[in-house]
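These are my notebook entries on one structure. I wrote down what I looked up, in the order I looked.

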Amino acid sequence: MSIINDTTLRDGEQTPYVAFNLKEKLQIARLLYEAGADELEVGIPAMGKKEQDDLKEILALNLPIPIMSWNRATLSDLEASLKCGLKAVDLSIPVSDILIDIKFGGDKTRLLKQLETVILQAKKENLFVCIGGEDSSRANNSFLKEIMTLGAELGANRFRYCDTVGILTPHKTYENIKDLSSSNLLDIEMHTHNDFGMATANAIAGYEAGAYSSNTTVIGIGERAGNASFEQVLMSLRLLGKEININSKALKSLIKTVSSASHRRVDTNLPIVGKNIFSHESGIHVNGMMKSKNAYEPFNPEELGLKRSFPIGKHSGSSTLIYHLKSIGIEPNIQIVQKLLPKIREIVTNRKKVLSTNELKELYLCSLDI
């Protein structure tokens with residue numbers, strides 16, 4: 001089984017220059033659930049009263065999925081989560097030598113003892129506990145297994161493997177997660193960053209290696225280059241065999257809401273949700289699409305509320321022109337269509353803009369008069 005724990009409302013909001021108001025948070029939470037998220041990580045209670053009040057409002061939505069907070073592995077952070085009424089917590093600790101030196105003066109014994117104290121208190125409160133391994137990708141797997149063993153003995157439920165600075169490759173991800181998951185200690189959750197453009201690929205490699213869940217953010221927002229994309233991971237899980245019923249209306253609203261709230265543009269060629277990703281211009285591709293809609297598309301655009309189009313551009317072939325002429329009731333002469341292609345390519349190249357169907361019609365009718 002594979003699930004998505006979306007962290008748009010926590011790590012996504014940590015994107016520089018981004019801040020969600022309460023209305024936006026509530027709308028995003030609702031839409032994430034409707035669009036297919038299995039769990040939500042919604043904030044950091046230790047930030048103070050306003051954040052805690054917002055988290056209480058999110059909990060008051062009574063969404064039928066787990067709602068988690070992010071915490072440092074300290075009793076004070078845990079207490080802040082308990083005040084909100086949260087039932088699931090991520091307890092973050094540094095696990096690489098680099099960050100343990102910075103945050104604990106290199107004292108792993110003190111780190112483990114602190115983690116033990118907080119987990120025990122969390123379990124006394126009957127909380128779901130995820131141990132967040134900050135900088136796991138620069139840590140030694142043997143130390144991660146030591147932490148996971150301790151966590152399992154204390155009743156923790158999950159270990160979050162964090163590629164905190166985004167240095168993993170899919171192959172290395174698979175190797176590391178396969179090694180950890182084979183130990184059968186705790187369920188593993190992927191938390192991948194996109195510094196080298198591989199966050200989604202690394203998340204999927206983690207699933208393939210045995211990880212149970214992955215953190216995502218809508219349109220991949222997050223610190224620095226962002227996180228694994230919710231919509232990309234959601235659709236990729238279908239390739240791994242997960243039963244997913246896409247709510248295209250909710251997903252479109254979710255993308256629009258997060259884009260607006262974060263002031264992030266959704267590029268027209270953004271995977272899964274870009275409005276032009278089902279636009280076919282190449283003559284060879286259009287010819288194939290005329291014969292089968294499976295020729296050059298990995299899934300049906302209607303599933304996500306998108307539309308297929310065949311722009312009349314520089315690389316268009318006769319199939320595109322015939323398609324558009326027939327769409328307006330003209331049964332085209334193939335010889336005239338072939339003669340129009342060089343002229344159309346010249347026009348498009350010079351003006352850097354595709355032709356409309358009406359412009360094609362005018363060109364075609366003029367050619368009939370010649």
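**Entry 1**

I began with isoleucine 119, which is buried, with a relative accessible area of 0%. I use "buried" for under 20% relative accessible area, "exposed" for over 50% and "partly exposed" for in between, with a 1.4 Å probe and protein chains only. I note that this is a predicted model, where local features need pLDDT of at least 70 and side-chain atom pairs count only at pLDDT 80 or more, while totals for chains, interfaces and linings use all residues. Residues are numbered from 1 along each chain as its sequence is written, and side-chain values use heavy atoms, with hydrogens and water left out.

I placed isoleucine 119 in helix α5. Helices (H or I, at least four residues) and strands (E, at least two) are DSSP runs, numbered from the N terminus. I then listed its contacts, meaning heavy atoms within 4.5 Å. Leaving aside neighbours within four places in sequence, isoleucine 119 touches Leu91, Val129, Ile131, Gly151, Leu154 and Ala156.

**Entry 1: helix α4**

Which residues of α4 are buried? In this helix, residues 97–104, I found Leu99, Ile100 and Phe104. They lie on the same side of α4, because they cover an arc of only 105 degrees around the axis. The arc is taken from the directions from the helix axis to the C-beta atoms. On the other side of α4, I found Asp101 and Ile102 exposed. The buried residues of α4 pack against β4 (88–94), α5 (108–124), β5 (128–134) and α6 (141–154). After α4 comes glycine 105, with a positive phi near 60 degrees.

**Entry 2: helix α9**

I looked at α9 (residues 230–239) next. Eight of its ten residues are buried, so α9 is largely enclosed by the rest of the structure. The buried residues are Phe230, Glu231, Gln232, Val233, Leu234, Met235, Ser236 and Leu237. Their cover includes β1 (3–6), α1 (22–35), α8 (199–209), β8 (213–216) and α10 (248–262). Glycine 241 follows α9, and its phi is positive, near 95 degrees.

**Entry 3: α1 against α10**

Two packed helices are described by the angle between their axes and the distance between the axes. For α1 and α10 I noted an angle of about 150 degrees and axes 9 Å apart. Axes are lines fitted to C-alpha atoms, for helices over the stretch in contact, and angles run from 0 to 180 degrees between N-to-C directions. The two helices are therefore roughly antiparallel to each other, a label for angles over 145 degrees. On the α1 side, the residues that meet α10 include Gln27, Ile28 and Leu31. On the α10 side, Leu251, Leu254 and Val258 are among them.

Most residues other than glycine have a negative phi. I noted asparagine 126, whose phi is positive, near 60 degrees. Asparagine 126 sits in the loop between α5 and β5 and is exposed, at 68% relative accessible area. Lysine 352 also has a positive phi near 60 degrees. I found lysine 352 in the loop between α13 (334–351) and α14 (357–369), and it is exposed at 74%.

**Entry 4: cysteines**

How many disulfides are there? I searched the whole structure for a pair of cysteine sulfur atoms within 2.5 Å and found zero. The sulfur of cysteine 162 is 7.8 Å from the closest cysteine sulfur, in cysteine 130, which is too far for a bond. Cysteine 162 is buried at 8% relative accessibility, and cysteine 366 is partly exposed at 48%.

Notes. Parallel < 35°, antiparallel > 145°, perpendicular 65-115°, else oblique.
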